[in-house]
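Hi there,

Here is the structure I promised to pass on to you. Have a look at it first, and then read my notes below.

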Amino acid sequence: MSKNLSDLSGRKGLKENLFKKMGELSMIEGAPKNMDLDKLAKEFLIGAANTYGTASFYDFLKPENKGKKVYVCNGTACLCAGTQDKLIDNLKDHFDADEIGHMTCLGRCHENNAFHLNGKNYSGTTSIDLKAIIDSPAEKNKDCYHVKASGKQILTAPFF
Amino acid sequence: MLVAGYVTGASHGVLYIRAEYPEAAVICQEAIDDLRREGLIGEDIDGSGFEFDLKIIQAQGSYICGEETALINSIEGQRPEVRIRPPYPAQRGLFNKPTVVNNVETLATLHFVLENGGSAWKGIGTERSSGTKLVCLDSFFQ
């Protein structure tokens with residue numbers, strides 16, 4: 001975008017990364033506070049318009065993200081499968097409508113019914129027992145799948 | 001990435017991981033911690049004088065960040081808008097420094113190529129599109 005902004009950001013480089021700091025500021029409420037964006041702008045010697053402009057671009061930094069607790073996948077595969085409307089209805093039994101947001105593609109295209117809660121992704125039949133997922137502590141929830149080839153393994157061949 | 005850094009004289013590697021894949025960030029951070037514990041990243045690696053470090057940057061939800069120049073802008077804290085090229089990232093990239101950007105799909109092919117050779121890789125696929133390609137098939141079947 002701007003060569004000058006690249007240089008100004010590069011003064012602190014990766015050690016104290018501007019983008020990472022914006023992400024950290026959004027963790028409490030779902031979006032960074034305006035006064036925090038002002039402070040960041042001063043710290044990096046850039047304009048407040050730059051930090052505000054960056055924050056407004058991202059799904060998880062923009063003000064509309066405040067208060068969201070669960071995110072439903074709105075990627076092409078899940079939408080094509082037609083599972084997400086029912087999933088949102090099920091989630092409304094446990095969350096208010098404005099606590100439900102969207103994430104674009106959680107990578108569970110083969111199973112659909114995908115959603116994200118507390119740092120974990122879920123899909124397929126897991127979403128049937130929502131109460132169990134919501135009530136258990138995050139570290140107890142394990143929903144993962146294994147990627148493998150149906151024929152000769154190339155990208156997934158083990159290398160140890 | 002470590003080898004690429006050694007060959008090109010780079011000292012930083014960034015893993016830009018989507019917010020939608022939080023488990024991937026956890027797994028990658030564990031791998032980075034393992035490398036650090038083994039003394040394979042950091043300053044003066046194995047007394048060689050070469051320094052290299054890896055950092056994970058967690059994305060914040062924007063599909064366009066899959067484009068390499070938008071990704072670079074994103075890491076800098078700018079709006080992730082696509083840059084005009086030239087100059088290309090290898091000439092002027094992250095913080096205006098020469099930068100190599102690779103997709104994880106490309107890096108995943110390295111093991112096969114190192115073990116079986118470039119000809120074996122070229123032997124897969126078509127003449128103009130060698131190797132493998134990941135595609136996602138979507139359809140609405142009735």
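What follows is a short tour of the sheet, the salt bridges and a surface patch.

Please keep in mind that this is a predicted model.

Let's start with the sheet in chain A. Its 4 strands form an open sheet in the order E2-E1-E3-E4, with mixed pairing. Strands E2 (100-103) and E4 (120-122) of chain A stand at the edges and have a single partner strand each, so one side of each has no neighbour in the sheet. From one strand to the next, the twist averages 30°. Helix H6 (residues 84-91) of chain A packs on this sheet, where it touches strands E1, E2 and E3 of chain A. If you zoom in on E3 (residues 115-117) and E4 of chain A, you will find an antiparallel pair with 3 bridges; A:His116 has A:Asn121 in E4(A) as its bridge partner.

Now to the charges. Side chains of opposite charge can pair when their charged atoms come close. Over all chains, the count comes to 14 salt bridges. One of them joins A:Lys21 and A:Glu43, with the closest N and O atoms 2.8 Å apart. This pair links distant parts of the chain, as A:Lys21 is in helix H2 and A:Glu43 in helix H3 of chain A, 22 residues apart. Both also belong to a network of salt bridges with A:Lys12 and A:Glu16.

Finally, turn to chain B. B:Met1, B:Leu107, B:Leu110 and B:Leu114 make a nonpolar surface patch of about 390 Å². B:Leu110 counts as partly exposed because its relative accessible area is 42%.

Enjoy exploring!

Key: Residues numbered from 1 in each chain as written. Chains lettered and ligands numbered in written order. Predicted model: local features only at pLDDT ≥ 70, side-chain atom pairs only at ≥ 80, totals over all residues. Heavy atoms only, no water. Pairing = 2+ DSSP bridges. Helix = DSSP H or I, 4+ residues; strand = E, 2+ residues; numbered from the N terminus. Axes fitted to C-alpha atoms, helices over the stretch in contact; angles between N-to-C directions. Contact = heavy atoms within 4.5 Å. Patch = residues over 30% accessible without salt bridge, like charges linked within 9 Å, V, L, I, M, F, W, Y side chains within 5 Å. Areas by Shrake-Rupley, 256 points an atom, 1.4 Å probe, with all protein chains shown as cover. Salt bridge = Lys/Arg side-chain N within 4 Å of Asp/Glu carboxyl O. Buried < 20%, exposed > 50% of the residue type's maximum accessible area, 1.4 Å probe, protein only.
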